[in-house]
Amino acid sequence: MFIIAGLGNPGKQYENTRHNTGFSVIDVIAEEFDIAVLEKKHKAVIGKGYIDGQKVILAKPQTFMNLSGESIRELVDYYKVDETSELIVIYDDVSMDVGQLRIRKKGSAGGHNGIKNIIAHLGHDTFLRIKVGVGEKPKGYDLADYVLGHFTQDEQKIMRESAGQAARAVRLLVQGDVDKAMNDYNKKVRGAEGDGV
C-alpha cells in the first residue's frame, strides 16, 4: 500500500495558490484513477483506491502547511506503511521553473516548511517526493505573499500539464519503477543539481 500525500493549506482562500500545488496534483490523480477524496481522517481529507492494482491512500493534510508532519505521521502509523518506500509526498518548489518536476528518494527540506515538519515527525528525510516547480519569487516580493499568490493564466495551463505528468510519475513510483520515474520526469534546471533540495 502507498500513501500519496499532496501538501497545501485548507480553506477557500488558498485554493489554486502556488503553495497548494500538492493539493491540485492529488485532485488530478483522484480524477485519473477514479478515487473520491472525501473522508476526513488522520487530520487529512483522504480517499482510498487502486492505481494499477496497487492499493493507495490519497491524502490532503488539513493541518496547514507548517504542521503537515502531524497528519503524515498519523497516516503512516495507522496504515503501517514503510515510509522510506511507500510514502510519496507532492509539493511546490520555488527554486524550479513553473511546471518543472523533480523526483527524489530523499533529501533536505530545502527551506520548505511542510517538508521540514514531515522530516521532524518521521525522524529522517528518506521518503519519495515529487517536487513541482512554481517559479522563483520575483525580486522584492515577500516569499509568503508569493507562494500564497495565484498563477497567471499561462502558468495555469503549464501547471495543468505538469499535474498530469506528476500523475504518470506516481504510476511509475507505485509500480516500483523509481529510477525510471526519475529518468523520465526529472529535467535539469539551468544546471542546478543538489542533494534533493
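Which handedness, right-handed or left-handed, does the crossing of α5 and α6 have? The crossing of α5 and α6 is right-handed; a crossing counts as left-handed if the near helix is turned anticlockwise from the far one by less than a right angle, and as right-handed if clockwise.

This is a predicted model, in which local features need pLDDT of at least 70 and side-chain atom pairs count only at pLDDT 80 or more, while totals for chains, interfaces and linings use all residues. Residues are numbered from 1 along each chain as its sequence is written, and side-chain values use heavy atoms, leaving out hydrogens and water.

**Confidence**

The average pLDDT (the predictor's confidence in each residue, from 0 to 100) of the chain is 93, and 95% of the residues score at least 70. Residues 189–197 have a pLDDT below 50, and this stretch makes 25 contacts beyond near neighbours in sequence in the model. Contact means heavy atoms within 4.5 Å. Where pLDDT is low, the predicted coordinates should not be read in detail.

**Sheet**

Helices (H or I, at least four residues) and strands (E, at least two) are DSSP runs, numbered from the N terminus. Two strands pair if DSSP finds at least two bridges between them. An open sheet of seven strands has the order β2-β3-β4-β1-β5-β7-β6, with mixed pairing. Its edge strands, β2 (39–41) and β6 (101–104), each pair on one side only. Strands β3 (residues 44–51) and β4 (residues 54–61) run antiparallel and are joined by eight bridges. Lysine 48 has isoleucine 57 in β4 as its bridge partner. Helix α1 (residues 21–32) lies across β1 (2–6), β3, β4, β5 (87–93) and β7 (128–133), and runs at about 145° to β4.

**Helix pairs**

Axes are lines fitted to C-alpha atoms, for helices over the stretch in contact, and angles run from 0 to 180 degrees between N-to-C directions.

| Helices | Angle | Axis distance |
|---|---|---|
| α5 (residues 153–174) and α6 (residues 178–185) | roughly 155° | within 8 Å |
| α2 (residues 68–79) and α3 (residues 113–122) | about 45° | 7 Å |

Angles under 35 degrees count as roughly parallel, over 145 as roughly antiparallel, 65 to 115 as roughly perpendicular and the rest as oblique. Helices α5 and α6 are therefore roughly antiparallel to each other. In their contact, residues of α5 including Gln165 and Leu173 meet residues of α6 including Val178 and Tyr185.

The angle of about 45° makes α2 oblique to α3. The crossing of α2 and α3 is right-handed. Among the α2 residues in this contact are Glu70 and Ile72, and among those of α3 are Asn117 and His121.
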